[in-house]
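The following text walks through a two-chain model, one region at a time. Please keep the structure open while reading.

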Amino acid sequence: MLQDLATIRKLAGKLRERSGIPVVESCARWCETYTQVAQWSLGEGERFEFMPAQEETAMETNKKTVAGKNGRPPRWGMVIDLKRCIGCQSCTIACKVENGTPPGIFWMRVLEKEEGKYPLARKLFLPVRCNHCSDPPCVPVCPTGASYKREKDNLVLINQDKCIGCRACIVACPYQVRFLAEDSNGYYGEELTPYEAKSYQKWQPRTVQKCTFCVDRIDGGLEPACVQTCPTRALVFGDLNDPESELSKLVRERSHFQPRAELGTDPSLYYVT
Amino acid sequence: MASKWVPTACGMCYVGCGIRVLVEDGVAVSIEGDPNNPQNQGVMCAKGKAGIMNLYNPHRIKVPLKRTNPKRGLHEDPGWKEISWDEALTTIAAKLDGIRDDPKKLYVQAWEVTGDCFYWLLALGSAFGTPHLMGNASATCGKVIHPVEFFSGGGFHQQPDLHYCNYCILIGTQFGLGARGAFNHITLDMAEARARGMKVVVIDPVGSYAASKANEWIPIRPGTDTAFALSMLHVLLNELGIYDARFLKHKTNAPYLVGSNGRYIREPGSGKPLVFDATDQRVKTHDDPTASDPAITGAGEGGRPAFELLREHVAKYPPEKTEEITTIPAATLRRLAQEFGEAASVGATMTIDGVTLPYRPACVDWAKGPQGHKHGFHQSWPLKLLNIVMGAVNVPGGILSTAAAGKRPHRWWPEGGTDGLLEEGGHVLPLPHPKAFPGRTPTKPFRMDLAELFPLAPHFHTLLPITCQDRERYGLSYGIEMMLHAPTNSLLGSFGDLKMVESFYQSIPFIAGFAVEINETNLFDDIVLPFPSYLERSDFVAGTNLLIPHCGKDDWLWQIRQSVVEPPAGMRQPQEVIMEIADRLGLLGDFYRLLNHAFRLKEPYALQPGQRYPITEVIDRMARSWFGEEHDLGWFREHGVIRIPRDVEEAYIGPFLEARLPIYLEHFLQRGEELKEVISQMGLEWDLSDYRPLSDWMPCPSYNAIRNGRYDLIAVHYKLPYVYGSFGNENPWINEICERTPYAYNVLVNEDVAKAKGISDGDEVWLESPATKVRAKAKLTQCIHPQVVGVAGHFGHWSPGMPIARGKGINFNSLLPTDLEHIDKISTALDHCVEVRLYK
C-alpha cells in the first residue's frame, strides 16, 4: 500500500510511544516502512514516485527468471541493497568518469530524502538509473528506431546515429533517466579538457543518452563502473535469468521491490531492503 | 592508440588508496581502484574517482609566481607575476639565509600528507634548525587521539575491530560511513559488519550519514560527551558491576595504590608504585612477579587502588544528573550501558590461527567531535576508558590502535617504561610525536607556539595566531619572519577566526609556498611554487597507510606513487625543489642525515652529502633498502603495491604488550603542578583545572553562552563522504553533487526550531558567532538536535583561483573564537562547538 509521509511519521510516533519497545527495535520497525516510501526528491523540480512491488508480483517475476534459464539468453540486471548503500555518491562519479557525461547529466545518481520526526529521523538513500525494463515504454515511442532493446541480453540502448532528439522517449520514461545534451560544452566551457576531448566521443549532442549498464564493459566481461567502485558493495550486477547468480539469490532471499512495478515495465532492477 | 593501465596511489585525500589509471595517448581517461591493494580492495570513493578533473583543472598553477602588491590581506589581489624557477628559489634561499642567525624565525606549515613533500619539508625545517614545524591538519586534528593512543593503545589512531565487533558506539564520528582514515577499507568492513548483524549506535548532534545507517541515532548536546561517558562508566562499574577485573588487575594501573594527595604510594628507595596482593595480603611493587592477585578494591599501606577512586569518582555522575547536560534520557543511557556491557562478553576468548585471545566484541569509537573542544582531552579520555574497563583494547572485537606494531619490513613495537606503563608508541618511521606519557617538563617558552606550556599535547600550532599578537606577554623577544608551506589551505582549515589568521600571516614578513591552485592561503604568498597533481608525482610515502591503515589481520601494504602522465612543461617534483633549497643553503648533508634516519636508510642506500638525486632514484633506494633488491622502483612501477601479511601478534597486540595501560592519570598532577609554577613565574593567570587524574565534565564557553541568552544555538561541523578533506572543492563533478543536494552547501537547522524563528527551507539567513557573521542558506531538517546548527564540509572559498568553489557554502572554522579561553589546556585543541544566532 502506498503510504504518505504523514502516515509514516504517525507510525514512527506510535512506535516511540509504545512502552517497553527499545528504540533500536522501534527504528528497525520503522525502517520496514522503507518500501512504502511514496516520494523521493532531490533538489527543486525533480520528483520521483515509487511504489512497492506486490509480494505476489515479485514472486511471479522471480519464477519467470528461473524459468528463463532454460534456453533463454541472459537478462542483465542489477540489485541495489538499500541497507548497504550509504549515499557516498561514488557510483555517481564512477559513471561520470566512465561515460564522460556533460554538466547537468547523470546517468546514475543517488537521491536522498529524510524520513521520520526528530529524534526518530534519518536520511534514506536511493541510487537511480535506467532500469533496462523488459517492457520499456521508451522503445515503442521512438519514431526512428534509435531506442531499442538488445535482444541478446535485454539491454535498453540508443543508437545515437539514428536519434533525432525528438524527446518522445524522455517523456515516455516513467523514471526520468533519459537525458539530452544541448551542446558539447565541458565542465570548463567550450574548450574541453584533454580527458573530455576523449570521453565526449562516447555520446552526441542533441541526441538522447542514458545508462547503458556500461555496455562496452559488459561486452568485455567487466562489471559496470558503478558496481566496480561501490565501497559498500551495495550494487550487484548479473544475470537475472540465472537462478544461481548472486543477484537472483538476493532477490529470492531478501525483501525487495522494483521501481514502480505497477506500471508493468518489469524493470531489471531490484531494490532489496 | 597507445593505451595502458598504470598502477599508482590516489592523492585526493590523505588516505592514499591503490588505483590504476587508464592512459590513452598520454591522457588519463579513467581511474579504478586496484583490486590487489589491501587498503581499498578495488573500490573507491567519489572524490578519488573524480581525480581526473583535478588533473585537468585549467586554473592550476604551472609556473612560479611572485606578488607585486606588497599589501597582504584576505581580500587583497596579490598582483601575480610569472617568474623563473631560478628567481623563485634564489629569493627563497636568500630570505632563509637572512634569518640563519635565529632559525626559529622560520615557520614551516608542512601538512600535506598525500606524499613525501610533508616529510621532506619537515626535514628541511629541522635541518635549518627551527622548532616551528606544523605537521597536522586542523585545529582538532589528532589533538587527543594521538596522545591517548600513544599511552593507552600503542599506535597512532583507533579503529573498531569491524571483523569481530558486535556492538559499536560511534561518538562524534562517522567511522566507516562518512569519513576517517583507510576510508574505503573500513567502509566495506562496516557494510559487512552491519550485514552480519553488528549493532551501530551513533551519538552525535547531527543525524548525518552514519546516523542514517545506524541501528540507533541518539542526539547529544555538543560538548557534553564527558558527562555521557562518566554516566556510562558509573552504570557499568557501580550499578551493573560489568568490567574486566582480570585485565584491570594485570594490564592497567587499576591496582596501583593512590594516597590522599592523589599520587601513587611508592616503594621507598626504588620509587616503584605499589599494589596490594590479595593472595599474600601484603603490598608489593607493581612489577613483582609474585603479585598474583593485585587488588583493585579495598585499601593498603594508606592508599586505595586507582580503580576504586575511579568507581567512586564516576558515582558523581548518575544518568539522571547528566540527562540535563547531554539531553540523553537516563533510561536510554542505562539501556546503552547494559547492551554495551553485555555485548563486551567479559571473560570470553576466541582462537585465531591457533592463538587464543580475549574476545570483547563491543567498543566505543570517537574522533573529531569530542576532541575538538575546550576540554577536548577530558571530553575524549573517558570514552576510551569505556573500552579499557571492558578489556576491549587491541583484542578481537574491541578498539584497535592503528599501525601500533609490525614486524615487516622492519620491526616496530610499543614499549612500557615509567611506572610500568605504556610509554613508547610504535612507529614504522622513527619519527615519534612529542612524548605523551609521562609528558615533558614545562619550562618558560622560547617557542612561538608555546609548546613548553603544553607538556602533554601532541601539536601546538593553534597557539600561533594568539601568541603572535601578544609576544611580550609570553616573554618572546622575536617574531616569525618567514613561512614555508605545503600546497594545502591552512588559512581556512587549520585555525579558527579568519581575522586572527590574517593578522598572523600579515605579521610574517615573507611567505613562500606550494600551490596546485591559488587557494586562500596562497593569497598571502610572496612567492608561489607550482605543485604537481598527484597523477604527475612520484612518492615513496603515498598516503597515510603507514600511520592510519586498516586494522586487524588483513594484509598491510606499501605502495609508491608514480607519475602516470607527463607534468606540464616546467613543473618540478616537490622533493627535488626542497632538495635544491637545502643545497643552496649548504644544508644538504644535514638534510640527508635526517632523511636517512627517518627512512632508515643505511649503506649502501643512504643519501650521500654533496650529491643531488632525481626523486625516482631516491624512491628506488628506499624501496630496495626496505624490501630487498628485487623490489626496486621498476618492480613497484609494475605492481604498484606490496602486500605485507600480518600475524596475530601484529593484528591484536593487546595480550602481547608488556606494559600496563592507565585508568588513572597520575602524571597529570605532576605536570599540572610544574606548569602552575612556570605560569606563575611568567605572571600569567591560566586556569589549569584540566590537569586532573580523573575526568570531570566541565562546561565550555558555548554551553554557558546559550544559557545566558544572547545566543541560542551551537554550531558544529560534520563531514560528507564525497567532500572528505577539501581536495575536491575545486572539482566540478564534486561541486555538482554538492549543488544537487541540500545537505552540502546549506546549513542544517532543526525544522521546528527554524519555523519558530520564521525561517523556511532554503531561506537566506545570517549565521552569527562571536567571531564573525556569515550569509548562509538554511536547510530545515529533522535530523539534527534542536539546539544545533550543522555546517558541512570545508567550504566558503573566495579566492579567484578557485572559481568553481568560490562563494559556495560557508567556512565553519571562521566561526570559531580563537583565544586561550577556547583552547584546551591539555591538548591545544580549539573549541569546535560555538554559540551562534541564526536569523533572517
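**A walk through the model**

After helix α18 of chain B comes Gly586(B), which has a positive phi, near 75 degrees. The model is predicted, and the values given here are computed from it.

On the scale of the whole chain, the domain assignment divides chain B into four entries: domain 1 (3-55), domain 2 (65-135 + 440-545 + 563-639), domain 3 (156-255 + 306-404) and domain 4 (701-839). Between the centres of domain 2 and domain 3 of chain B, taken over C-alpha atoms, the separation is 37 Å.

Next comes a barrel in chain B. Here 6 strands close up in the order β27-β31-β28-β30-β29-β32, with mixed pairing. With direction ignored, neighbouring strands of this sheet are turned against each other by 45 degrees on average. Helix α24 (residues 701-708) of chain B packs on the sheet and touches β27 (713-718) and β32 (834-839) of chain B. The direction of α24(B) makes about 40 degrees with that of β32(B).

Strand β28 (residues 747-750) of chain B shows how the pairing works in detail. β28(B) runs parallel to strand β30 (residues 773-781) of chain B, and 4 bridges join the two. Across this pairing, Val747(B) stands opposite Ala778(B), and the bridge partner of Val749(B) in β30(B) is Leu780(B). With strand β31 (residues 788-792) of chain B, β28(B) pairs in the antiparallel sense over 2 bridges. In β31(B), the residue opposite Val749(B) is Val789(B).

Which way do the residues of β28(B) point? Val747(B) and Val749(B) point one way from the strand, while Leu748(B) and Asn750(B) point the other way. Val747(B), Leu748(B), Val749(B) and Asn750(B) are all buried.

Chain A has an open sheet. It consists of 4 strands in the order β10-β3-β12-β11, again with mixed pairing. The edge strands are β10 (235-239) and β11 (256-257) of chain A, each of which pairs on one side only. The partner of β11(A) is strand β12 (residues 269-272) of chain A, in the antiparallel sense and over 2 bridges. In that pair, Phe257(A) stands opposite Tyr271(A). Helix α9 (residues 246-253) of chain A lies across β3 (76-81), β10, β11 and β12 of chain A, and runs at about 110 degrees to β10(A).

Finally, the two chains meet. In this interface, 42 residues of chain A are in contact with 48 residues of chain B. On the chain A side, the elements giving two or more residues are α2 (23-31), α4 (90-99), β4 (108-117), β5 (120-129), α6 (194-199) and α8 (225-229) of chain A. α4(A) gives the most, with 7 residues. By class, this side of chain A has 21 nonpolar, 11 polar and 10 charged residues.

Conventions: Residues are numbered from 1 along each chain as its sequence is written. Chains are lettered from A and ligands numbered from 1 in the order in which they are written. This is a predicted model: local features need pLDDT of at least 70, side-chain atom pairs count only at pLDDT 80 or more; totals for chains, interfaces and linings use all residues. Two residues are in contact if their C-beta atoms, placed from the backbone, lie within 7 Å. Ala, Val, Leu, Ile, Met, Phe, Trp, Tyr, Cys and Pro count as nonpolar, Asp, Glu, Lys and Arg as charged, and the others, Gly among them, as polar. Domain bounds come from an automatic or database domain assignment. Two strands pair if DSSP finds at least two bridges between them. Axes are lines fitted to C-alpha atoms, for helices over the stretch in contact, and angles run from 0 to 180 degrees between N-to-C directions. A residue is buried if 20 or more other C-beta atoms lie within 10 Å of its own, exposed if 12 or fewer, and partly exposed in between; C-beta atoms are placed from the backbone.
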